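Thanks, everyone. Please have a look at the model on the screen, and then I will walk you through it.

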Amino acid sequence: MKSRSQKIQTLVELAEIEEDKAVKTLAAVQQQYQQHLAQLEQLKSYVEEYGQSTVGQGRILQPIQMLSTQAFVAKLHQAIQVESEKTGRLADVVEHARQVWLEKRTRLKALQKLHDKFKQTEQAGLDKREQRFLDELSALQQSRK
């Protein structure tokens with residue numbers, strides 16, 4: 001028959017697995033979030049550079065060139081908006097994953113404390129029984145003398 005500490009140890013091991021999965025999920029989501037942030041910054045930087053290069057040339061653009069430039073810049077701004085929305089949603093996912101991980105971590109720590117408490121209680125019981133046995137043995141030896 002398993003002791004209480006052995007039963008709790010099984011729960012601790014399962015909680016460790018769950019916490020490990022939550023950490024890996026959080027890391028993966030954070031990596032995606034960072035990639036989208038970098039892509040968003042690249043898009044913003046490109047729009048800025050493109051705007052400076054077309055204005056900074058000091059040449060007069062033909063109407064067709066101006067229209068295509070405006071259409072291109074509009075598409076870039078649309079891409080920035082879409083990427084901003086994706087990044088915002090991923091920020092929410094990262095926060096949710098962080099909360100899940102914190103819950104799993106808190107549960108693991110609580111189970112570990114409970115396991116330690118049960119082990120200490122069991123060890124104290126064993127120590128008492130051992131001391132009682134030694135006392136009885138000593139009393140038996142004294143009575144034989």
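Predicted model: local features only at pLDDT ≥ 70, side-chain atom pairs only at ≥ 80, totals over all residues.

What is the protein chain built from? It has two helices and zero strands. Helix α1 covers residues 4-56. Helix α2 covers residues 63-144.

Now the dimensions. Along the principal axes, the C-alpha atoms fill a box of roughly 120 × 25 × 15 Å. The radius of gyration is 33 Å, while a compact globule of 145 residues would come in near 15 Å.

How much of the chain is buried? Buried residues are 17% of the 145.

Next, charge. I count 23 positive side chains and 19 negative ones. The centres of the two sets lie 6 Å apart.

What about contacts along the sequence? Take those with a separation of 6 or more: 92% of them link residues 24 or more positions apart.

His36 gives us an example. His36 sits in helix α1. Which residues does His36 touch, leaving aside its neighbours within four places in sequence? They are Glu83, Lys86, Thr87 and Leu90. From His36 to Gly88 is 52 residues in sequence, yet 9.6 Å in space, C-alpha to C-alpha.

On to the salt bridges. The count is four. One of them pairs Arg107 with Glu18, at 3.9 Å from N to O. Arg107 belongs to helix α2 and Glu18 to helix α1, so this pair ties together parts 89 residues apart in sequence.

Asp20 and Lys24 form another salt bridge, at 3.3 Å. Both lie in helix α1, four residues apart, which is about one turn of the helix. Asp20 is partly exposed at 36%. Lys24 counts as exposed, at 55%.

Then there is Glu95 with Arg98, at 3.5 Å. These two are three residues apart in helix α2, so about one helical turn separates them. Glu95 is partly exposed at 37%, and Arg98 is partly exposed at 29%. There is also a network: salt bridges with shared partners join Glu18, Lys104 and Arg107.

To recap: two helices, zero strands, and four salt bridges. Thank you.

Key: Residues numbered from 1 in each chain as written. Heavy atoms only, no water. Rg over C-alpha atoms; globule rule 2.2 N^0.38 Å. Buried < 20%, exposed > 50% of the residue type's maximum accessible area, 1.4 Å probe, protein only. Contact = heavy atoms within 4.5 Å. Lys, Arg positive; Asp, Glu negative; His and termini not counted. Charge placed at Lys NZ, Arg CZ, Asp CG, Glu CD. Salt bridge = Lys/Arg side-chain N within 4 Å of Asp/Glu carboxyl O.
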